[in-house]
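Work through the helix geometry of the model shown here. Each exercise is followed by its solution.

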Amino acid sequence: MQQIRSGAHAPPDYTGAEGRRLREAAWDLTRRRNQLKAESQALWQEGDKEGAHQVSVQAKAMDAQVDAAHAKAARVIFAHRNKGKALSFIDVHGLLVREAMGFLEERLASGQATLEIVLSLIHI
């Protein structure tokens, strides 16, 4: 755990506790899926095409799980960052680029004429 010196400010909480837990779980799942893909490639290069195929099928089956896990984390993080804010405000801290773009597109599709978008520490 990081200790904060007297007078120093705590880093901002971009994700919230639940968002952080969900994002970490999504990254763990992503790493497991990527390990399977690497294992499949190694088996292929060793000439074990059947083994490579079986592991590849497992990895591909995890693709939807990875996407769903990241999407769930993104919804929780987005809600944490935008709770109580006007619909004209959108803070995308803690989101992956594709997730941020998805939320931005949703807001634009809702007919919002003007948006204040927080990308980093800069409002645009």
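The expected span of a helix is 1.5 Å times one less than its number of residues. Helices are DSSP runs (H or I, at least four residues), numbered from the N terminus. The model is predicted: local features need pLDDT of at least 70, side-chain atom pairs count only at pLDDT 80 or more, and totals for chains, interfaces and linings use all residues. Residues are numbered from 1 along each chain as its sequence is written, and side-chain values use heavy atoms, leaving out hydrogens and water.

**Exercise 1.** Compare the reach of α2 with its expected span.

Solution. Count first: α2 has 34 residues. The expected span is 50 Å. From first C-alpha to last, α2 reaches 49 Å, close to that value. Past the helix comes Gly84, with a positive phi near 75°.

**Exercise 2.** Classify the packing of α1 and α2.

Solution. Take α1 as residues 16-45. The α1 and α2 axes lie 8 Å apart, at about 165°. Angles over 145 degrees count as roughly antiparallel, so α1 is roughly antiparallel to α2. Their contact residues divide into 17 nonpolar, 10 polar and nine charged.

**Exercise 3.** Which residues join α2 to α3?

Solution. Helix α2 spans residues 49-82 and α3 residues 97-109. Their axes are 10 Å apart, at about 60°. From α2, the contact (heavy atoms within 4.5 Å) uses His70, Ala74, Arg75 and Phe78. From α3 come Arg98, Glu99, Phe103 and Arg107. The tally is three nonpolar, one polar and four charged.

Note on methods. Axes fitted to C-alpha atoms, helices over the stretch in contact; angles between N-to-C directions. Helix = DSSP H or I, 4+ residues; strand = E, 2+ residues; numbered from the N terminus. Nonpolar A, V, L, I, M, F, W, Y, C, P; charged D, E, K, R; others polar. Parallel < 35°, antiparallel > 145°, perpendicular 65-115°, else oblique.
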